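Here is a set of questions and answers on one protein model. They cover its sheets and its nonpolar cores.

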Amino acid sequence: MPEPSPDLLLTNATLATLQPGRPYGLVEAGAVALRSGRIAWAGPAAEMPAEHAGLPRRDLGQRLLTPGLIDCHTHIVFGGDRAREFEMRLEGASYEEVARAGGGIVSSVRATRAAPEEALIAAALPRLDALLAEGLTLIEVKSGYGLDRETELRMLRAARALERLRPVRVVTSFLGAHAVPAEYTGRSGAYLEEVCLPTLRAAHAEGLVDAVDGFCEGIAFSPKEISRVFDTARALGLPVKLHAEQLSDLGGAALAAGYGALSADHLEYLGAEGVAAMARAGTVAVLLPGAFYTLRETKLPPVAGLRAAGVPIALASDCNPGTSPLTSLLLTLNMGCTLFRLTPEEALAGVTREAARALGIADCGMIAPGMRADLAAWDVAHPAELAYRIGFNPLHTRWFGGLECN
């Protein structure tokens, strides 16, 4: 049985509530009342209702309090590494050339297939621990390095195990349509029919999948093939998301939006039609600066167009062995600002409020009554400092469901 969450009053804090209406939803001299693992009240301490005055108090010493951070796009369960590909790219090979030479996702497939579940868990935990040490409270974890029934299910079971081993919430995404395995080269349709879709149904039956993802790209799957995956997801009642427009504009984001997708991710080559479709559907744009940085990409995602259209923007680490070996959301914040020209407020919202939206989760991502008491206290004076610093972790305290977890 989990330890019960104590009722508590957090006082003497600057609150970055991330509630819309004012920059960062900032509240000076704030307080937050926690009851039964939820936020019962938050606001200026001078306005606190009398019913909370008798709670045990924790003075935060004027520290900044934010929602717990959320990483809404990761691949942290995998076997092996791809350091040699890092060298190859530095020697001039493109991501596509590496993939077509048998590297890329397919090389991670070989290593992941060879790893038992216990080994996958053991390898993922240090990556997860690095994120937790920076205030993470919710993480999305994808399959997609198995590309066969046994390994895809093993990856999802390993992902589910992480939240039993650490104080964190895990949301899983089935990514069987990540790449075409070597044994199905030139037969992507057969792979979908014989492996991917039956495995998706099996994962759903076992309760292992919360959403369905895919990779719509010339080196992966066409929009028509992704539609087959999404039709199956719809029949199972599962929400969808998509890796789209990372290397070219195949119309994946517009396709995903047509299915009411939670998010479309990467988006460096997203065009105006895709932006408009996402705006109409309420689909979140998840930007992944770690991959942009690692691949030395030069085509920027259309941040100004997304802003102008009112498309919500989230940020994520995209932690994976090949194109974003990144286990720091704080560095992701800095990259989002420096590389993509997001404002620090947009970046922080991107790993809290908008990241929750990208996962279809309504009970976290802001400091507001009724939300889970997933919080982070920081040794900073202003929230912009979280994006400003490089290689510095000012986390003071993390709460998960009202429990202090340091």
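Q: In what order do the 7 strands of the open sheet lie?
A: This is a predicted model, in which local features need pLDDT of at least 70 and side-chain atom pairs count only at pLDDT 80 or more, while totals for chains, interfaces and linings use all residues. Residues are numbered from 1 along each chain as its sequence is written, and side-chain values use heavy atoms, with hydrogens and water left out. Strands (DSSP runs of E, at least two residues, numbered from the N terminus) pair if DSSP finds at least two bridges between them. The pairing in this open sheet is mixed, and the order is β3-β2-β1-β4-β13-β14-β15.

Q: Which are the edge strands?
A: An edge strand here pairs on one side only. That applies to β3 (38-44) and β15 (403-404).

Q: Why is strand β8 described as largely enclosed by the rest of the structure?
A: Buried means under 20% relative accessible area, against over 50% for exposed and partly exposed in between (1.4 Å probe, protein chains only). A211, D213 and F215 point one way from β8, while V212, G214 and C216 point the other way. Strand β8 (residues 211-216) is largely enclosed because its buried residues number 6 of the 6.

Q: What is the bridge partner of C216 in β9?
A: β7 (residues 169-177) and β8 run parallel and are joined by 3 bridges. β8 also pairs with β9 (residues 241-244), in the parallel sense, over 2 bridges. In β9, the partner of C216 is A244.

Q: Through which helix does the chain cross from β8 to β9?
A: This β-α-β crossover is right-handed, that is, with the strands pointing away from the viewer, the path from the first strand over the helix to the second runs clockwise. Helices are DSSP runs of H or I, at least four residues. The helix in this crossover is α7 (residues 223-236).

Q: Which residues touch the most other members of the largest nonpolar core?
A: A nonpolar core is a set of buried Ala, Val, Leu, Ile, Met, Phe, Trp, Tyr and Cys residues joined through side-chain atoms within 4.5 Å. The largest one has 116 residues, and those touching the most other members are L65 and V77.
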